[in-house]
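These are my notebook entries on one protein model. I wrote down what I looked up, entry by entry.

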Amino acid sequence: MIGSVLRVAPKDLELLFRSPGQIGMVIYGEDLTQQEPEKQGWIARFLRNKTMSAPGHSERILKPAPESAFLDLDKSWGAIHFAFTDSNGKEDLPAGFILNGAEIGEIDVGYGPARGFGVRDVFEIHQFLSLKTAGEWVDSINPAALLEADVYPFFDEAFGEDEKNYVSEYLAELKSFVADIHAEGDAMIVYLN
């Protein structure tokens, strides 16, 4: 599993909440609503029928996001989430933004639906991330607790210096990426694939 963050314009995020069938086009350049019906939730099937094929449909069609709009967290996302929450599960925002947030429909983009964060959410996440440096966040991880919590991908591994450096590098990129999103007044999407 790879954690990803995508920068989007606030108006595009609003459109995705109204027309979640477009999320696949934005992330992957393909229509994910063409999954077999039994693999879609009933809301996704309903919204697909109502928004994507309705006569006179007036919603703007979104294009694939440019590569520069993405941040790949690789497999570090689990330890990053743990550093923020001391948990392996969904937690309240802003600390829990890696695994929690407003779902953009029910379309599976890899491992569940993508989650969207508006400008205000991005501000709160940015403020939260600014509480510590990347190194301080990673140093706050209790390695024994991380292993006990079965945090992906550190199920059986020691959380030593190499692992700390790996997570710290991605966390520093995340802090910078979110700071840029906030500075530009943009929104963001977080998902696992």
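Which residues form one aromatic cluster? I found Phe-84, Phe-97, Phe-117, Phe-128 and Trp-137 in it.

Before going on, I noted the ground rules. The model is predicted, so I kept in mind that local features need pLDDT of at least 70 and side-chain atom pairs count only at pLDDT 80 or more, while totals for chains, interfaces and linings use all residues. Residues are numbered from 1 along each chain as its sequence is written, and side-chain values use heavy atoms, with hydrogens and water left out.

Entry on the aromatic rings. I used this rule: rings of Phe, Tyr and Trp (its six-membered ring) pair if their centres lie within 6.5 Å, and planes under 30 degrees apart count as stacked, over 60 as edge-to-face and the rest as tilted. By this rule I have 8 aromatic pairs. I looked up Phe-84 with Phe-97: the ring centres are 6.0 Å apart and the planes are at 25°, so this pair is stacked. Phe-84 sits in helix α4 and Phe-97 in the loop between α4 and β3, so the pair ties together parts that are 13 residues apart in sequence. Helices (H or I, at least four residues) and strands (E, at least two) are DSSP runs, numbered from the N terminus.

I then looked up Phe-84 with Phe-128. Their ring centres are 5.4 Å apart with planes at 85°, so I recorded the pair as edge-to-face. Phe-128 belongs to helix α5 (residues 119-129) and Phe-84 to helix α4, so this pair ties together parts 44 residues apart in sequence.

The term means under 20% relative accessible area, with exposed over 50% and partly exposed in between (1.4 Å probe, protein chains only). Phe-84 has 8% relative accessibility, and Phe-128 is buried too, with 13%.

At Trp-137 I found Lys-132 over the face of the ring, 4.7 Å from the ring centre. A charge sits over a ring if NZ of Lys or CZ of Arg is within 6 Å of the ring centre and within 35 degrees of the ring normal.

Gly-78 is found in α4 and counts as buried, at 4% relative accessibility. Leaving aside neighbours within four places in sequence, I found Gly-78 in contact (heavy atoms within 4.5 Å) with Val-151 and Tyr-152. I also looked up Gly-3, which is 75 residues from Gly-78 along the chain; their C-alpha atoms are separated by 8.3 Å.

Ser-87 lies in the loop between α4 (77-85) and β3 (102-103). It counts as buried at 12% relative accessibility. With neighbours within four places in sequence left aside, Ser-87 is in contact with His-81 and Phe-82. What joins the side chains of Ser-87 and Glu-91? I found a polar contact of 2.9 Å. A polar contact is a pair of N or O atoms within 3.5 Å; within protein, one must be able to donate a hydrogen and the other to accept it, and residues adjacent in sequence count only if both atoms are side-chain atoms.

Entry on strand β5 (residues 187-192). I found 6 of its 6 residues buried. Ala-187, Ile-189 and Tyr-191 point one way from β5, and Met-188, Val-190 and Leu-192 point the other way.

Which strands pair with β5 in the antiparallel sense? Strand β1 (residues 3-8) does, over 6 bridges, and strand β4 (residues 115-117) does, over 3 bridges. Two strands pair if DSSP finds at least two bridges between them. Val-190 in β5 is the bridge partner of Val-5. Phe-117 stands opposite Met-188 in β5, and Phe-117 is also one of the residues of the aromatic cluster.
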